[in-house]
Structures are given as C-alpha cells and as structure tokens.
Amino acid sequence: DSAPVLTIDGPGGAGKGTISRLVAARLGWHLLDSGALYRLTALAAVKYEVPRDDEPALARVAATLDVVFVAENDAATVLLEGRDATTAIRTEQVGDAASRVAALPAVREALLQRQRDFRQAPGLVADGRDMGTVVFTDAPLKIFLTASAEERARRRHLQLREAGVDASLSSLLKEIQARDARDMQRSVAPLKPAIDAITLDTTRLTIPEVVDRLTELLTERG
Ligand code: C5P
C-alpha cells in the first residue's frame, strides 16, 4: 500500500505512545502500537503456558493472536480474545516479558505482515522500535524519539504515581536501562535510528511542543 507512514521509534518511556496517539488524532490517521503486539504475545504465552524459550511455539502464539484494537478519539482499547487487555499489558512485568519474546526472530517474522496491514489511507502513525528500520523502510518521515534515561524514569514514576502505584525511582531507572540494553543489543531488529531518521530529544520538551514539531516536519515533507 502507498498510504503515507510516519514512523516513531525510540526507547521505552520517551513518550512515543502519547505522542503517536496525539499526532494520529490530529491528522485523522490510523495508529499502530507495535509494542502492544509484543506485549499481547507475551501475555498470551503466559496464558497458554508456553515456555519462554520455545521459539516456534511463541511464534505460533504471535501468528494466531486474536487481537482487536478499538480507537476512540485519543484513547485506545485492546481486546485479546474478546477480553479487554488494555491495562493488563501495561505492567512492567509484561513489558519485560515482551522485550524477551521480541528478541526472537521467528516471533518478529510472525508479526511483520500484521503490522504492515495497518498501512491504510489516509495514513498511519507507527510507534515502535523498528518501524523505520524494518517494517516501513519506505516511510516518507522517520522520527527517532529519545530522552535521557533519568528523565524517562522520572516520567514513568509520575505516571505510576497518578495511577496510585508507588515505585522507587532508582529501581525504575535500573529497569529502563536494562530494557534499553536488551532492545539495543539484540541481533535481530535492534533499536537504533534508521539512517534517514530525524532524532528528536524530548528531555526538555513538553508534549504539545513535540506534537507541533512533528506536524511541522510532516508538512515540510508532505
Ligand atoms: O513500546 P513498548 O514498551 O510497549 O514495547 C514493549 C517491548 O516490545 C519493547 O521493550 C521491545 O522489546 C519490544 N518491541 C519491539 N519492537 C517494536 C515494538 C516493541 O521489539 N516495534
């Protein structure tokens, strides 16, 4: 398909999810939360008691995932086998399990076409780690969104506090650093900017500033 794609890759906690949702809503484009697919694969694997080193079985789980994304304005609901899994996939534990299954080539391969199917008119905002480097290599605009690990830990801490969860800042920082290392060092589709990506460091930017900047860049490229 030749619908335009804006890819937004970067480490966890850089604000990709929020930014992608807001940009997609502003443009009236579709949204792909590719991390949710890895998180759902990890969740389904636990449900079906698939050992975490059984790559072929995990790839089958990924290939046969029964998932529906329901978008309402700027909120998104995820259904796994018809059940609401929106909050269940957001825990640190599932995030950690997701980054382990995501390191398996057969799992990534199994999710490839499913991700490409999201590319539909009028356009797609694709949020992930390898949107610009692997899944949508011909995207007209590729963004690599970063922020310092300390800032990302601080944001996560705030987010958790608002949700009534009390986590220590230092343990969050450690988890973020461990996840970064695993995502950047894996041999298949490691996290890195595409050669033609524009890197945007959001450490000192507000969410509306980032959304405006991305919309500007799209207009310049459009
Ligand atoms: O972005 P999110 O935190 O939901 O992603 C969870 C995990 O899924 C990441 O840590 C990463 O290992 C994996 N992932 C990936 N490729 C993507 C999106 C997510 O490997 N395109």
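So, β1 and β6: they run parallel, and 5 bridges join them. Valine 5 has leucine 124 as its bridge partner in β6. When I say strand or helix, I mean DSSP runs, E with at least two residues for strands, H or I with at least four for helices, numbered from the N terminus. Before I go on, this is a predicted model, where local features need pLDDT of at least 70, side-chain atom pairs count only at pLDDT 80 or more, and totals for chains, interfaces and linings use all residues. Residues are numbered from 1 along each chain, as its sequence is written.

Okay, the whole sheet. It's open, with 5 strands in the order β2-β6-β1-β7-β8, and the pairing is parallel. Pairing here takes at least two DSSP bridges between two strands. At the edges sit β2 (30-33) and β8 (198-201), each pairing on one side only. From one strand to the next, the twist averages 20 degrees. Helix α9, residues 207-221, packs on the sheet and touches β1, β7 (141-146) and β8. The direction of α9 makes about 160 degrees with that of β7. Those angles run from 0 to 180 degrees between N-to-C directions, with axes fitted to C-alpha atoms, for helices over the stretch in contact.

Next, what follows β1? The loop between β1 (5-9) and α1 (16-27) holds glycine 10, and proline 11 is in the loop between β1 and α1 too. UniProt, in an unreviewed entry, lists a "binding site" whose residues include Gly10 and Pro11; such annotations may be inferred rather than shown by experiment. Glycine 10 is buried, with 27 other C-beta atoms within 10 Å. Proline 11 is buried as well, with 20. The cut-offs: buried is 20 or more other C-beta atoms within 10 Å, exposed is 12 or fewer, partly exposed is in between, with C-beta atoms placed from the backbone.

Leaving out residues up to four places away in sequence, glycine 10 touches Lys16, Phe144, Leu145 and Thr146. With that same exclusion, proline 11 contacts Thr146, Asp180, Asp183 and Leu191. A contact means C-beta atoms, placed from the backbone, within 7 Å.

Now the loop between α5 and β6 (124-128), where we find alanine 121. Is alanine 121 buried or exposed? Exposed, with 11 other C-beta atoms within 10 Å. Alanine 121 and proline 4 are 117 residues apart in sequence, but 7.7 Å apart in space, C-alpha to C-alpha.

Last one, helix α4, residues 92-101: its buried residues are Ala98, Ser99 and Val101. The buried residues of α4 pack against α2 (34-47), α3 (55-63), α5 (105-116) and α8 (169-185).

Notes:
Two residues are in contact if their C-beta atoms, placed from the backbone, lie within 7 Å.
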